Amino acid sequence: MPIIVAINKIDKPEAQLDRVRRQLADVGLMSADWAADTEFVEVSAKQKKGIDKLLETILLVADLRELKANPDAPATGTVLESRVDKGRGPVATILVQNGTLNSGDFFICGSVLARFARCLTIAAGSSRMHLPSTPVEVLGLQEYGSGRPVSGYR
């Protein structure tokens, strides 16, 4: 899978972009500027600088590598974060990578078979169908048949 690195907080006066690049190179992420295959994009989320360049880079890499998702396949994705919300219970933010995720679908999260009680598309609010590249907030995760909340998402 290709990796695109967004170097954030470039608006800070103490930002040391070359140091960040060197540290990433130490762990094997070499910049395309250094004749490697990892794209680095400098952004400032606070000042909204570089966001357009980041989106262009994502589209360019996906186009060059012919990365395509199949919306008709069973959904697969990655849990980006999880937490127990005081009012909503177990909540996980998932990025659908392939296929379509529907509310009520069964899924495997770590070693637990569970069922989605309710899904919220981050950008559009409540929805029943979530296509590839959609970040989804999943609520009410419970082990199927036990009624116990799922904990320890990975």
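**Entry 1: Glu81 and Arg83**

I looked up Glu81 and found it partly exposed, at 45% relative accessibility. I used these classes: buried is under 20% relative accessible area, exposed is over 50%, and partly exposed lies in between (1.4 Å probe, protein chains only). Arg83 is also partly exposed, at 31%. The side chains of Glu81 and Arg83 meet in a salt bridge, at 3.9 Å from N to O. I took a salt bridge to be a side-chain nitrogen of Lys or Arg within 4 Å of a carboxyl oxygen of Asp or Glu. Side chains of opposite charge can pair when their charged atoms come close.

**Entry 2: Basis of the model**

I note that this is a predicted model, in which local features need pLDDT of at least 70, side-chain atom pairs count only at pLDDT 80 or more, and totals for chains, interfaces and linings use all residues. Residues are numbered from 1 along each chain as its sequence is written, and side-chain values use heavy atoms, with hydrogens and water left out.

**Entry 3: Confidence**

I checked pLDDT, the predictor's confidence in each residue from 0 to 100. The chain averages 76, and 75% of the residues score at least 70. Confidence is highest in strand S2 (residues 39–42), with a mean of 90, and lowest in strand S9 (residues 125–126), with a mean of 51. Over residues 150–154 the pLDDT is below 50, yet this stretch has 14 contacts in the model beyond near neighbours in sequence. A contact here means heavy atoms within 4.5 Å.

**Entry 4: Arg21 and Glu42**

I recorded 2 salt bridges in the structure. One of them joins Arg21 to Glu42, with the closest N and O atoms 3.1 Å apart. This pair links distant parts of the chain: Arg21 lies in helix H1 (residues 17–26) and Glu42 in strand S2, 21 residues apart. Arg21 is buried at 10% relative accessibility, whereas Glu42 is partly exposed at 33%.

**Entry 5: Elements and contacts**

I counted 2 helices and 12 strands in the chain. These are DSSP runs numbered from the N terminus (helices: H or I, at least four residues; strands: E, at least two). From the N terminus, the order is β-α-β-α-β-β-β-β-β-β-β-β-β-β. Among contacts between residues at least 6 apart in sequence, 52% join residues at least 24 apart.

**Entry 6: Burial**

I asked what share of the 154 residues is buried. Buried residues make up 30% of them.
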